[in-house]
Amino acid sequence: MSQPASLPPEPLVAEPLPEDGQALELELAILSRAGGRDYNEDACGHWHSDTQLCCVVADGAGGHGGGDVASRLAVSYLIDQCADAPLQSPEDLRELLLDTNAKVIRHRADAPGQREMHTTVVALFIDRVRGQALWGHAGDSRLYLFRDGAVARRTRDHSLVQSMVEAGLLRPEDTRNHPQRSQLHSALGTAPEDLRIGTCEAPLALRPGDVFLLCTDGLWEFVDDAVMLHELAAAPDPAAWLAALEACVLAEAEAGGKTRHDNFSGIALWVTAPAQA
């Protein structure tokens, strides 16, 4: 039911989701690249029906055979569970993320290379008939909502540098280059008593023109909010926008001499029409 975790290098294709005369109309594109690494531990995928949509992005860690297993496991499990029973509330989403965490922990025993595996995750769930969205995350993979030419929502990272920003010890603009930016306070594969999960407070009513971006830190580390907005304003569709963001990542990595920069992945989702009565 899920889409491939990564797509062929080119071209990116914007995929319009089926229309049924009542459901919210959406357009979606996916990007996942190894970056400067030898293999890709990111995973992303989506599933949709006439009434529901689920998008998931994950960034695994724990070594080859570990991180990539954890991220793909999280993506496939979240998508399969959503397909079986669509979510109704943030509480439903929180329980699903807790179940996904337990599944990652159980599969650590499958192979020696998976004993330390864990993964960040960010997931978006849309009721296309009601025109509502839910989202949740663990770690530093992010969800952005762009509305009316601005960043309307952005998830809060479960990370050391985010804690430093909130404590007034670090400016937000300095987080991308901080030497401890990859130190996480939470990710799937964490003991339940230490796991931190973030969800939206309530379902969000969607508007025509809303744009979502789900991405790993390998993307947002190199592309700040202003650049995302600039490229969004110039893009004709989600695929073109992701292609522009990819070019920004590669240019910034090259300018900074970061030949071994991280994997980077994203799902772009555009709301192109309102729900109809």
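A residue is termed buried when its relative accessible area is under 20%, exposed when over 50%, and partly exposed in between (1.4 Å probe, protein chains only). Helices (H or I, at least four residues) and strands (E, at least two) are DSSP runs numbered from the N terminus. The model is predicted, with local features requiring pLDDT of at least 70 and side-chain atom pairs counted only at pLDDT 80 or more, whereas totals for chains, interfaces and linings use all residues. Residues are numbered from 1 along each chain as its sequence is written, and side-chain values use heavy atoms, with hydrogens and water left out.

Strand β6 is largely enclosed by the rest of the structure, because 6 of its 7 residues are buried. Strand pairing was assigned where DSSP finds at least two bridges between two strands. Strand β5 (residues 118–127) runs antiparallel to β6 and is joined to it by 7 bridges; Phe 125 has Leu 134 of β6 as its bridge partner. The hairpin of β5 and β6 has 4 residues between the strands, and Gly 131 adopts a positive phi near 70° there. Antiparallel pairing also links β6 to β10 (residues 204–205) through 2 bridges, with Ala 133 opposite Leu 204. A further 2 bridges connect β6 to β9 (residues 198–199), again in the antiparallel sense, and Gly 136 faces Thr 199 in this pairing.

The loop between β6 (132–138) and β7 (142–147) contains Asp 140. This residue is buried but has no salt bridge, the nearest side chain of opposite charge being that of Arg 142, 7.4 Å away. A salt bridge requires a side-chain nitrogen of Lys or Arg within 4 Å of a carboxyl oxygen of Asp or Glu; Lys and Arg count as positive and Asp and Glu as negative, while His and the chain ends are not counted. Beyond four places in sequence, Asp 140 has contacts (heavy atoms within 4.5 Å) that include Asp 157, Arg 181 and Trp 220.

Aromatic pairing was defined by centres within 6.5 Å for rings of Phe, Tyr and Trp (its six-membered ring), with planes under 30 degrees apart classed as stacked, over 60 as edge-to-face and the rest as tilted. The whole structure holds 3 such pairs. Phe 146 and Trp 241 are arranged edge-to-face, at 5.5 Å centre to centre and 85° between the planes. Since Phe 146 belongs to β7 and Trp 241 to helix α6 (residues 238–255), the pair ties together parts 95 residues apart in sequence. Phe 146 is buried at 2% relative accessibility, as is Trp 241 at 0%. Ring pairs link Tyr 144, Phe 146 and Trp 241 into a cluster.
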